[in-house]
Amino acid sequence: MTRTRRPSPQTVAVLRALAADPSAWRYGYELGRQVGLKAGSLYPILIRLADREMLETSWEPDPPQGRPPRHLYRLTGAGRLLAAEVTPEPDGIGAQGEPRSAW
Amino acid sequence: MSRPRRRGAAETLLALATWILPARRHDWGLAMRAEFLGLEGGRDRTRFALGCVRTALLQAVTRRAVGHLTGTAAAVALVLAGGIASPVVEAEVLSLVLVMASLAWLAGRPGLFGPTGRSRAALLTRACGYVVAGTYLLVTVVDNRGPQILEPGAGVPLGMVTFALYAAVLLAMTARDSAAGPVCLASGAGAGLVAGPACFMLVPFERVLPPLADSLPGHGLWLAAIVVGAPGAAMLTTALRTGSVRQAVVAALYGGAVCAALVSLLGYGAFLLFPDRMPGIVPLNAGSPAVRHALDRLEAGDEYVAGLIWGSLLVAVLGALVRRAVRTRTVVLRAATLCVAALAPLCAAAADTSAAVLAVAAAIVLGMLTLATTWPAGAPAPRLSP
């Protein structure tokens with residue numbers, strides 16, 4: 001059975017950031033900085049979203065020499081629907097300030 | 001020439017995070033690493049790595065680690081509360097528990113022993129292995145409870161080493177990167193399960209009594225065809241189904257190893273289940289009835305110890321063959337294992353038991369070294385597209 005519990009404010013922030021430009025591939029550090037989440041909070045959210053097939057993942061196609069390819073993320077169709085469901089108001093978490101960080 | 005840079009605290013933390021992550025989250029470990037390498041500044045890197053450690057802990061702690069720690073704690077509690085009289089034996093059994101717990105932990109991580117292959121044969125083999133490990137522990141505890149008549153724990157170290165050896169190689173065989181496919185595993189195990197009881201019935205029961213097969217038509221000599229034929233059939237089946245000579249050889253060796261282990265287990269099981277049927281091997285003046293009984297058991301066990309030794313030899317060769325050899329030293333060690341292993345039966349045929357045992361011991365060391373050198377050079381390249 002699919003869980004219907006409302007996502008946490010941090011997850012909503014991630015969903016909103018990804019939904020802002022749903023066709024763009026984003027990478028973790030940049031996304032974390034945008035929504036004010038550190039790795040310890042961001043990655044569990046990304047992992048959970050990917051497990052529930054809300055998030056599509058890929059690897060950076062042409063990484064600079066000397067650095068491995070980054071993992072890239074964008075919302076799937078189901079993820080976009082969820083984002084639309086949970087982020088109707090513009091005065092959400094981003095407007096109130098940074099969500100609680102992990103560390 | 002530039003010297004390799006020392007790993008800083010942040011790198012160490014990140015390495016810890018990727019190590020803790022469950023095997024199925026391997027890609028996420030690579031993702032964290034790629035992000036980490038793109039960061040500038042020690043503070044950012046350290047904070048990012050700390051976050052990765054937290055993520056990894058959350059992933060691992062909620063799943064496998066809890067089960068693993070609970071199982072290990074239960075096993076340790078069983079040993080401590082089991083009433084083993086000798087502190088030496090208790091320490092030996094506890095060390096076995098810790099070795100098995102370490103292997104079980106490694107079995108879930110990318111590496112030599114894990115994660116488990118995706119086939120049902122691999123999963124079933126591991127599940128059976130865990131059941132056998134638990135049973136072995138239980139029997140060892142029960143068998144060493146209370147005061148012992150002879151030197152406490154006689155035979156315990158040999159059994160433990162053999163058991164750990166079997167466990168390590170079985171885990172390597174059933175790991176995802178193993179060269180032994182599902183057909184190889186299934187046919188090898190099947191052959192061993194058929195050949196083992198047949199072989200047990202053919203060897204003199206409790207060393208001095210007539211073989212159990214004596215009561216069968218033709219004195220059960222036809223069972224010899226099963227003992228030889230079952231591994232042969234496993235080899236043929238695997239060769240036909242997979243087209244791989246190596247897998248066929250591994251199937252036959254695996255069948256032989258399971259057969260040898262079964263002969264020993266059935267022999268020791270007979271001691272435990274039917275103590276009154278123990279033949280009188282030692283002279284009547286060897287001591288009290290209880291002492292004679294214990295000595296009889298020790299003497300009768302020789303045949304089954306031999307089974308364990310031959311089984312260990314086969315397992316050592318399996319360990320040398322079961323993974324891809326990429327490095328030159330692995331190839332050399334593998335060749336050395338095969339050569340030394342071939343010496344053991346030659347020495348036994350020449351009735352030089354000491355040399356045969358030495359050859360088996362050397363083959364075990366070489367086989368395990370071969371296995372150890374297959375990682376990480378033999379590791380598959382990380383999947384770059386999910």
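Contact here means heavy atoms within 4.5 Å. The structure is a predicted model, in which local features need pLDDT of at least 70 and side-chain atom pairs count only at pLDDT 80 or more, while totals for chains, interfaces and linings use all residues. Residues are numbered from 1 along each chain as its sequence is written, chains are lettered from A and ligands numbered from 1 in the order in which they are written, and side-chain values use heavy atoms, with hydrogens and water left out.

Leaving aside residues up to four places away in sequence, Leu318(B) touches Val169(B), Met173(B), Val250(B), Leu253(B), Tyr254(B) and Ala257(B). Together with Phe113(B) and Met173(B), Leu318(B) has the most contacts inside the largest nonpolar core, which has 65 residues. Such a core is a set of buried Ala, Val, Leu, Ile, Met, Phe, Trp, Tyr and Cys residues joined through side-chain atoms within 4.5 Å; buried means under 20% relative accessible area, exposed over 50%, and partly exposed in between, using a 1.4 Å probe and protein chains only. Helix H9 (residues 245-273) of chain B gives the largest share of this core, twelve residues. Helices (H or I, at least four residues) and strands (E, at least two) are DSSP runs, numbered from the N terminus. A second, separate core of 41 residues includes Leu49(A), Met54(A), Trp59(A) and Val53(B).

Turning to the rings, eleven aromatic pairs are found over all chains. Rings of Phe, Tyr and Trp (its six-membered ring) pair if their centres lie within 6.5 Å, and planes under 30 degrees apart count as stacked, over 60 as edge-to-face and the rest as tilted. Tyr43(A) and Phe48(B) form an edge-to-face pair, at 6.0 Å centre to centre and 80° between the planes. Because Tyr43(A) lies in helix H3 (residues 39-51) of chain A and Phe48(B) in helix H3 (residues 42-81) of chain B, the pair joins two chains. Both residues, Tyr43(A) and Phe48(B), are buried. Ring pairs also link Tyr29(A), Tyr43(A), Tyr73(A), Trp28(B) and Phe48(B) into a cluster.

Finally, Arg70(A) sits in the loop between strand E2 (55-59) and strand E3 (71-75) of chain A. Arg70(A) is buried, with a relative accessible area of 12%. Arg70(A) lies over the face of Tyr27(A), at 3.9 Å from the ring centre; a charge sits over a ring if NZ of Lys or CZ of Arg is within 6 Å of the ring centre and within 35 degrees of the ring normal.
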